[in-house]
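Me: I have not looked at this structure before. Please take me through the terms used for it, and show how each one is reached.

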Amino acid sequence: MGVVHRYRWSMLVEQWLDQELDDDRAERVLSHLERCSECRSAAEEYACIKRALARLENS
Ligand SMILES: [Zn+2]
C-alpha cells in the first residue's frame with residue numbers, strides 16, 4: 001500500500017482517536033483498521049503519541 005493510502009487514512013484515524021468523527025465515519029475507520037494492518041499500526045503509533053502528549057500536559 002502506498003503513500004496516498006496512508007495519508008488518506010491517517011487523517012481519518014487521527015480524527016477518530018480524537019473522537020471528532022460522526023458514527024458513520026467512525027464505523028468506516030474501525031472496519032478499515034480491522035482489515036488493514038498498515039493503518040492499524042499507524043493508529044497504534046498515533047494513540048501512543050497522544051498518550052505521551054496527554055501525560056506531558058498533565059504534569
Ligand atoms: Zn489502510
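Reply: Along the sequence, the elements of the protein chain come in the order α-α-α. The model is a predicted one. The protein chain has three helices and zero strands. Its C-alpha atoms fill a box of roughly 35 × 25 × 15 Å along the principal axes.

Me: What makes Leu33 count as buried?

Reply: Leu33 is found in helix α2. A residue is called buried if 20 or more other C-beta atoms lie within 10 Å of its own. Leu33 has 20 such neighbours, so it counts as buried. Apart from neighbours within four places in sequence, Leu33 is in contact with Cys39, Arg40 and Ala43. Ala52 is 19 residues from Leu33 along the chain, and their C-alpha atoms are separated by 22 Å.

Me: And how do you know whether Trp9 is buried or exposed?

Reply: The cut-off for buried is 20 or more C-beta neighbours. Trp9, in helix α1, has 21 of them inside 10 Å and therefore counts as buried. Leaving out neighbours within four places in sequence, Trp9 touches His32 and Cys39. Between Trp9 and Val29 there are 7.9 Å from C-alpha to C-alpha, and the two are 20 residues apart in sequence.

Me: Which class does Glu57 fall into, and why?

Reply: Glu57 lies in helix α3. A count of 12 or fewer gives the label exposed. Glu57 has 7 C-beta neighbours inside 10 Å, so the label is exposed. Its C-alpha atom is separated by 28 Å from that of Arg8, 49 residues away along the chain.

Me: Why is Lys50 called partly exposed?

Reply: Partly exposed covers the counts between the limits for exposed, 12 or fewer, and buried, 20 or more. Lys50 has 13 other C-beta atoms within 10 Å, which means that it is partly exposed. Lys50 belongs to helix α3.

Me: How much of the protein chain is buried?

Reply: Of the 59 residues in the protein chain, 10% are buried.

Me: Which residues form the largest nonpolar core, and what makes it a core?

Reply: The largest nonpolar core has six residues: Trp9, Val13, Trp16, Leu33, Cys39 and Ala43. At least two of its residues come from each of α1 (3-17) and α3 (37-58). The most come from α1, which gives three. The name nonpolar core asks for buried residues of listed kinds, Trp, Val, Leu, Cys and Ala among them, joined through C-beta atoms within 7 Å. Cys39 is one of the six, and, neighbours within four places in sequence aside, it is in contact with Trp9, Val13, His32 and Leu33.

Me: What is the arrangement of α1 and α2?

Reply: The axes of α1 and α2 are 10 Å apart, and the helices pack at an angle of about 115°. The crossing of α1 past α2 is left-handed. In this contact, Trp9, Leu12, Val13 and Trp16 of α1 meet Arg25, Ala26, Val29 and His32 of α2. Six of the residues are nonpolar, one is polar and one is charged.

Me: Where is Gln19, and what makes it exposed?

Reply: Gln19 sits in the loop between α1 and α2 (23-35). The label exposed applies at 12 or fewer neighbours, and Gln19 has 7 other C-beta atoms within 10 Å, so Gln19 is exposed. Its phi is near 55°, a positive value in a residue other than glycine.

Methods: Residues numbered from 1 in each chain as written. Predicted model: local features only at pLDDT ≥ 70, side-chain atom pairs only at ≥ 80, totals over all residues. Helix = DSSP H or I, 4+ residues; strand = E, 2+ residues; numbered from the N terminus. Contact = placed C-beta atoms within 7 Å. Axes fitted to C-alpha atoms, helices over the stretch in contact; angles between N-to-C directions. Left-handed = near helix turned anticlockwise from the far one by under 90°. Nonpolar A, V, L, I, M, F, W, Y, C, P; charged D, E, K, R; others polar.
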